[in-house]
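Hello,

The structure you asked about is below. My notes on it follow.

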Amino acid sequence: MAVRLAKYEDWARACMHVRCGFCRENCCSYRQFKFDSYSAKGRLTLMYHWLKGNLRPDSTMAQRVFSCTSCGLCDIACGYPQSEAIQEMKTALLEANVLPPEDYMVISRRTRETGNPYAEDSSQASNLLRAISKSGTGPAEFTLFFGCTELFRSPKQLDYVTNILRAAKASFYVFPQNICCGSPARRIGDIEQARAQAELVSAAFESSGPRDIVVSCSGCYRTFTKDYASLTDQAPAFSTKHTVQLIDTLIAENRLVLGSLSKRITYHDPCHLGRHCGVYDEPRRILKAIPGVELVEMEWNRKISRCCGAGGGMKVGRPQDAAEIASCRVQEAKEAGASVLVTACPFCVRNLSDGARLIGSDIEIKTIEFLVSELVGIAGRPRKK
Ligand code: SF4
Ligand code: SF4
């Protein structure tokens with residue numbers, strides 16, 4: 001514990017002394033649970049006293065720490081990377097064998113035993129992937145990697161992405177195996193399981209040759225681009241794009257022509273894609289390229305976007321709280337005057353949809369790939385250069 005957390009001690013001490021509390025206002029777990037110990041400040045205070053030997057870690061401490069969604073909004077409010085410190089605290093608690101009362105560890109257990117956090121049959125997913133024919137016969141322009149949420153909870157996402165590429169006459173190859181990228185294990189602090197997944201994925205990519213990967217899950221994107229280097233102790237031998245980056249390029253190259261849609265749409269920045277990876281402009285450019293669409297922003301957008309509440313294992317460990325947090329985000333979208341809430345992560349869509357059901361909202365919630373795939377089949381007017 002001491003080695004893993006020692007580098008955060010100065011930050012924790014400074015935080016306790018300044019007592020500013022800027023991190024609290026939009027921390028989704030603080031807003032949900034209303035105790036200081038559920039904010040970055042509270043968690044850093046717990047860490048400090050654990051490091052100093054004033055507190056012994058127990059299940060109450062673990063409950064506070066594991067209910068952090070890893071959204072990173074406190075990093076922006078504070079200026080220190082507090083979400084990284086809290087994620088390391090999760091790992092330190094696991095190493096000390098201190099677990100929260102909620103069963104977050106089911107995520108790791110299932111990944112270890114079945115290959116995915118949903119405990120579904122990975123071989124069936126691999127069959128589904130092999131059934132999507134490779135486009136064309138020559139070398140493919142893009143290699144599509146579909147993650148566990150797409151395969152087991154949102155399989156239509158595969159059709160949306162491939163339909164878009166077919167409409168753009170872009171050749172693609174679908175990576176034919178279901179291997180969890182390791183994101184769910186990483187966010188609950190299980191660095192060993194995350195490393196095991198990173199090694200499996202890296203070896204599979206290496207043996208099958210793909211070098212340029214396209215993903216439509218923001219969790220996969222962040223994990224490949226930000227976590228794999230430290231998990232495997234070397235820079236990944238492949239590059240990763242999110243589908244929003246690819247679609248944005250295809251539109252700019254006039255390879256995709258979008259039909260019109262007369263709707264007021266708002267965009268939810270997935271924390272993994274926005275705050276953690278800095279991808280804000282591409283999805284907005286795509287929405288602005290749709291004739292008839294009025295893009296409206298929620299009050300909290302881009303780097304200060306509020307979290308949907310699903311991350312860090314919350315969707316499994318505390319599903320009711322995750323949905324209640326999502327309902328606040330849905331409410332914000334309604335207040336912006338949007339009739340459609342679009343995002344770039346199938347996992348966010350699932351939680352936002354649960355949040356909308358909770359408050360009886362009729363707002364349409366969909367991935368940006370779903371929206372674009374509905375419009376590429378329609379004869380749209382060509383974009384002017
Ligand atoms: S904003 Fe930063 S320094 Fe201020 S209370 Fe929050 S974590 Fe501590
Ligand atoms: S990462 Fe998000 S949920 Fe966790 S303490 Fe920071 S603002 Fe709160």
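Contact here means heavy atoms within 4.5 Å, and helices are DSSP runs (H or I) of at least four residues, numbered from the N terminus. This is a predicted model, in which local features need pLDDT of at least 70 and side-chain atom pairs count only at pLDDT 80 or more, while totals for chains, interfaces and linings use all residues. Side-chain values use heavy atoms, without hydrogens and water, residues are numbered from 1 along each chain as its sequence is written, and chains are lettered from A and ligands numbered from 1 in the order in which they are written.

Helix pair: in α13, Ile191, Ala194, Arg195, Gln197, Ala198, Glu199, Val201, Ser202 and Phe205 meet Phe224, Tyr228, Leu231 and Thr232 of α14. By class, this contact has eight nonpolar, three polar and two charged residues (nonpolar: Ala, Val, Leu, Ile, Met, Phe, Trp, Tyr, Cys and Pro; charged: Asp, Glu, Lys and Arg; polar: the others, Gly among them).

Ligand 1: the residues around it (a heavy atom within 4 Å) are Cys15, Val18, Cys20, Gly21, Phe22, Cys23, Lys41, Cys78 and Gln82. Six are nonpolar, two polar and one charged.

Regards

Key: Helices (H or I, at least four residues) and strands (E, at least two) are DSSP runs, numbered from the N terminus.
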